[in-house]
Amino acid sequence: MHIRLINPNTTASMTDKIGAAGRLVAAAGTRISATNPEAGPVSIESHFDEAISAVGVLEEIRRGDKEGVDAYVIACFGDPGLLAARELTAAPVIGIAEAAFHLATLISTRFSVVTTLGRTCIIAEHLLQNYGFAHHCRRVRAAEIPVLDLEDDGACARDRIIDECRRAKVEDGIGAIVLGCGGMADLTDEIREAVGLPIVEGVTAAVKLAESLASLRLGTSKHGDLAFPRPKPFSGRFDYLGN
């Protein structure tokens, strides 16, 4: 089984981290590869960033299908381009936010999300509504750190995330915490030990769900709105996407 982890931003060190996290939890015999687009934002912290990055995600899906990838993970907590990606392939495509929300509800009746910047909280809240998990989530919290601070070993990003998780435990009446950024993929164990709650991290959650779907031979439905896009020409710089 080959699972492709797609980091929608262009920061290679984060892609490497995401790949390493996936390999730690993958079953024996599962091949994990991690990629990122060649062009796009270096981090994703806004609706604008998500919109630009979605094109790169779709390019990676097209490339992966040519390589025979069995399932995909979109490793950004905004799940950018998720439905469009599902249209392009018959393989399962899992967004890390949707995966984390699902798993959090299986181990707790209420959870909170701890993410990076406050401006991205509304994006997570929209996803909770769209996926039907809003009534399970007590609060979406921000540690107020830029995403790329997670790549800086000298930054105090870890401490700020842990502090926010501790506040969530005390103030929110929850049973679990969801980490709201793919760049936190290497922090799960450290935060769990420091906070004393189950910590659900989306990259690893999505890998296990992708393995389950692929092993059950459950691919993306091609009936209805997720059918392959109708063939048509594209103009200008997107002409390569036409068929």
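This is a predicted model: local features need pLDDT of at least 70, side-chain atom pairs count only at pLDDT 80 or more; totals for chains, interfaces and linings use all residues.
Let me start with R141, which counts as buried at 3% relative accessibility, where buried means under 20% relative accessible area, exposed means over 50%, and partly exposed lies in between, using a 1.4 Å probe and protein chains only. Residues are numbered from 1 along each chain as its sequence is written, and side-chain values use heavy atoms, with hydrogens and water left out.

So what does R141 pair with? The side chain of E171 meets that of R141 in a salt bridge, at 2.7 Å from N to O, a salt bridge being a side-chain nitrogen of Lys or Arg within 4 Å of a carboxyl oxygen of Asp or Glu. Because E171 lies in helix α6 and R141 in strand β6, residues 137–142, this pair ties together parts that are 30 residues apart in sequence; helices (H or I, at least four residues) and strands (E, at least two) are DSSP runs, numbered from the N terminus. R141 also meets D172 in a salt bridge, here at 2.9 Å from N to O, and since D172 sits in the loop between α6 and β7, that pair ties strand β6 to a part 31 residues apart in sequence. Both D172 and R141 are buried.

D186 lies in the loop between β7 and α7, so the pair ties together parts that are 28 residues apart in sequence. R158 is partly exposed, with a relative accessible area of 28%, and D186, at 39% relative accessibility, counts as partly exposed as well. Salt bridges that share partners join R139, R141, E164, R167, E171 and D172 into one network, and a search of the whole structure finds 15 salt bridges.

Moving along to helix α7, residues 188–195, which of its residues are buried? They are T188, I191 and V195, and seen down the axis of α7 they fall within an arc of 70 degrees, so they line one face of the helix; the arc is that of the directions from the helix axis to the C-beta atoms. What covers these buried residues includes α6 (157–171), β7 (176–179) and β8 (199–201), with contact meaning heavy atoms within 4.5 Å. Just after α7, G196 takes a positive phi of about 80 degrees.

Over in helix α2 we find S53, which is buried, with a relative accessible area of 2%. Leaving aside residues up to four places away in sequence, S53 touches P8, P41, I44 and P80.

Finally, the largest pocket has a volume of about 280 Å³. On a 1 Å grid over the protein atoms alone, a pocket is an open set of points where a 1.4 Å probe fits, with protein on both sides within 12 Å along at least five of seven lines, and lining residues have an atom within 4 Å of a point. Among the residues lining this pocket are L58, R62, E87, F228, R230 and N243. The elements that give two or more residues to the lining are α2 (47–67) and α3 (82–88), and the largest share, 3 residues, comes from α3.

Technical notes. Grid points are joined across faces, edges and corners, and a volume is the space filled by probe spheres set on the points.
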